[in-house]
Amino acid sequence: MTRTRLFASLCGLVFLLNLARVIFAPLLDVFITEFAIGEATAGLIVTLAWVGSASLRLPTGWLLTKVPRHHIVVGSGMILAASSAIAATAMTVPQLMGGAFLMGIASGVYFVSANPLLSELFPSRVGHVMGIHGAASQLAAVIAAPFVALTLIVDWRLSLWAIAVGAAVVTAATWIIARNTEMPSAGGADRDFVAGALSEWRLIVTALAIVGAPVFVWQGLFNFYELYMQSKGLSDRMAGMMLTIVFAAGVPAFYFGGDLADRFPKVPYLLGIVGAFAASLLVLTAVDGLFALIAVTAVVGFVIHTLFPATDTYLLDTLPDSTRASAYAVFSSVWMLTQALGSSAVGLFLERGYTYDAVFSGAALLLGGSTVVLVLLERRGRLPS
C-alpha cells in the first residue's frame, strides 16, 4: 500500500515536471510583449528548458550509483519548486532564461532517477506502471495551453507560481511517504557508472537503433504540426486544435501502450510501433479534408505515444539490477539529444524549398525501410532482448 501511495505522489510530481517543460511555449507571446524581445529570444527560452532537461542526465546517472534513487527524486522536486519561483519573479530576460533552464534540469534529473525506481518498486508490472506514469506526464502537455489561458486572466506569473507551490507540496508529500516505504534493494549493486554503461552497450545501441529515428521525426513533426496543418488549408484555430488532438491521443496511448509492453515480446512490439508510426505518417501526407485529418491525426498521436512506455519497459525490464540506472542514464541522454535535433532538420529541409508533405513522406519511407531491416535482424536473433 505504501508503494502505491509513493507511486501516486510520483505521478503528481511528473505531471508538474512535464508541465514545467511545456509551459513556456504558450507563454511566448506574453514574453515578447512583457520583456520587449523578439521571436528568436523568446524561442531561446523554450530551447533552454529542453536543453536543461538533457544536460544533467549523465551526471545524474553517476549520482545514482552513490545516492538512493528516491533522494534524487525528492531533490528534483526541490529544484523545480525553487526554479519555478525564480522564473515567476523574473524581472529580466536572463533571470527568466535561468529559471527556464533550471526547470528543465529538474525534469531531466527526475526522469533518470524515477524511471529506474518505478521499475524496481513494481518489477512484475513495469510496463503497466510506466504507462500510467507516462499518462500523468502527458496530461500536462494537453492542459498547458488552456491552463496558461486561464491564469492570464489574473497574471502570467500565476502559472509559474502554481508550479512552484504545487512542486513544494508534492515533493514534501513524496519525502514523507518515501520515509515510510520499504525501498527495493535492487539498485544496491549498481555502483560503477562507466563499467555498468559499457557492459550494456549492445542493448543501448539496439534501443537507439530502433527508437532513435522515430523520435527524431516526431520532434520535427509536432513542432511544425500547426504550420503543417495550415499548409493543408486549415485555419489557425483548427490547426491548433489538431496539435491538441495529437497530444490528447497520447494520454490513453501511454496507458495501453505500457500495459501491452508487459504482454508482448519487447523488440517485435517496438518494431511494430515504429512500423505503424511510419505507415500512419505516410497516410497523413496523402489525406486532405478536416475529418480525414482529424482521424489520421488521432492515430498518429496514439501510435507514437505508445513508443515511450514501450521503450522504457524494454530497457528497464531487460537491464539487470547491477547496471540498470547507469545504462538507462546513458540511453536517456543520447535519446534526448536525438530528439532535440529533429526540429532543426525539418526546418532546414523546409528552408531549402521542400514541402511539408515531401519532408514527412520521405521520413516515413526511410522509417519504414529501416524497420524492415531491423525486423530481419530480429528474426535472425541479432538483436538483444
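In the predicted model, helix α14 contributes Val-267, Pro-268, Leu-271, Val-274, Gly-275, Phe-277, Ala-278, Leu-281, Leu-282 and Thr-285 to a contact with helix α18, where the partners are Asp-357, Phe-360, Ser-361, Ala-364, Leu-365, Leu-367, Gly-368, Thr-371, Leu-374, Val-375 and Glu-378. By residue class, this contact comprises 14 nonpolar, five polar and two charged residues. The axes of α14 (residues 266-286) and α18 (residues 356-379) come within 8 Å and cross at roughly 155°. Because angles over 145 degrees count as roughly antiparallel, the two helices α14 and α18 are assigned to that class. The crossing of α14 past α18 is left-handed.

Asp-190 lies in the loop that connects α8 (157-179) with α9 (193-199). Its relative accessibility is 0%, and Asp-190 is therefore classed as buried. Beyond its neighbours within four places in sequence, Asp-190 contacts Leu-64, Thr-65 and Arg-69, together with Asp-321, Ser-322, Thr-323, Arg-324, Ala-325 and Ser-326.

His-133 belongs to helix α7 (residues 126-151). When residues up to four places away in sequence are excluded, the contacts of His-133 are Phe-7, Leu-10, Cys-11, Val-14, Tyr-110, Phe-111, Asn-115 and Leu-118.

Definitions and conventions. Residues numbered from 1 in each chain as written. Predicted model: local features only at pLDDT ≥ 70, side-chain atom pairs only at ≥ 80, totals over all residues. Heavy atoms only, no water. Helix = DSSP H or I, 4+ residues; strand = E, 2+ residues; numbered from the N terminus. Contact = heavy atoms within 4.5 Å. Buried < 20%, exposed > 50% of the residue type's maximum accessible area, 1.4 Å probe, protein only. Axes fitted to C-alpha atoms, helices over the stretch in contact; angles between N-to-C directions. Parallel < 35°, antiparallel > 145°, perpendicular 65-115°, else oblique. Left-handed = near helix turned anticlockwise from the far one by under 90°. Nonpolar A, V, L, I, M, F, W, Y, C, P; charged D, E, K, R; others polar.
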